[in-house]
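Here is a short walk through one model. Keep the sequence and the 3D view side by side as you read.

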Amino acid sequence: MKLLRKLISPLVDKNTNPNFLVFVDKVEDFFAKLLTLAMLGVILFAIIDLGVTLAKELLLVSKLGNFSAGLLRIFGLFLNILIALEITQNITSYLSSHIIQIEMVIVTSLIAIARKIIILDLGKITDSQLLALAAAIIALSICYWLVRRTNAKYPPHKGH
């Protein structure tokens, strides 16, 4: 019973809040670093996949005039890497400032939707899916505009 009290008392004692917040901050940093390393691994494998795909398309599969058949797949792979890089940038930005930069998150989302549009097969998408995609684009665009406008109006203070 004494051990249980010893474990629980720091959680309910207001005097231990600063120490607890330092602990939580260290745990967040640790996991953000793990996520960054994981994303770097994802990026490495995505680049290898892109290289293999390019080599196959250029050297093995592609006949003159038939390269465009695999072009959408190649564009999708490029954009996957770009999205992974943006996510990594979001994480490392959080590590440096401990602030989630909403503008970066919105830009990453817009890139993901752009990727979806570029590789979209209109024959396999329903009208409601297309409307949902359009609504997402409009919503993200409005959010981006509002955030940019707010950031321009209220720039961050130096030293904070």
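Phe20 and Phe23 sit three residues apart in helix α2 (residues 17-61), so about one helical turn separates them. Helices here are DSSP runs of H or I with at least four residues, strands are runs of E with at least two, and both are numbered from the N terminus. This is a predicted model, in which local features need pLDDT of at least 70, side-chain atom pairs count only at pLDDT 80 or more, and totals for chains, interfaces and linings use all residues. Residues are numbered from 1 along each chain as its sequence is written, and side-chain values use heavy atoms, with hydrogens and water left out.

Stay with the rings. Rings of Phe, Tyr and Trp (its six-membered ring) pair if their centres lie within 6.5 Å; planes under 30 degrees apart are stacked, over 60 edge-to-face, and the rest tilted. The count by this rule is two aromatic pairs. Phe20 and Phe23 have ring centres 6.4 Å apart and planes at 40 degrees, so this pair is tilted. Phe20 is partly exposed, at 39% relative accessible area. On that scale, buried means under 20%, exposed over 50%, and partly exposed in between (1.4 Å probe, protein chains only). For Phe30 and Phe31 the ring centres are 5.4 Å apart and the planes lie at 70 degrees, so the pair is edge-to-face. Phe31 is partly exposed too, with a relative accessible area of 47%.

Now turn to a pair of helices. Two packed helices are described by the angle between their axes and the distance between the axes. Helix α3 (residues 71-97) packs with helix α4 (residues 102-118) at about 170 degrees, their axes 9 Å apart. Therefore α3 is roughly antiparallel to α4, a label for angles over 145 degrees; under 35 is roughly parallel, 65 to 115 roughly perpendicular, and the rest oblique.

How far does each helix reach? α3 has 27 residues and spans 39 Å from first C-alpha to last, close to the 39 Å expected at 1.5 Å a residue. The expected span is 1.5 Å times one less than the number of residues. After α3 comes His98, with a positive phi near 60 degrees.

Buried residues of α3 include Ile74, Leu77 and Tyr94. In α4 the buried residues are Glu103, Met104, Ile106, Thr108, Ile111 and Ile113. They pack against α3 and α5 (127-153).

Note on methods:
Axes are lines fitted to C-alpha atoms, for helices over the stretch in contact, and angles run from 0 to 180 degrees between N-to-C directions. Contact means heavy atoms within 4.5 Å.
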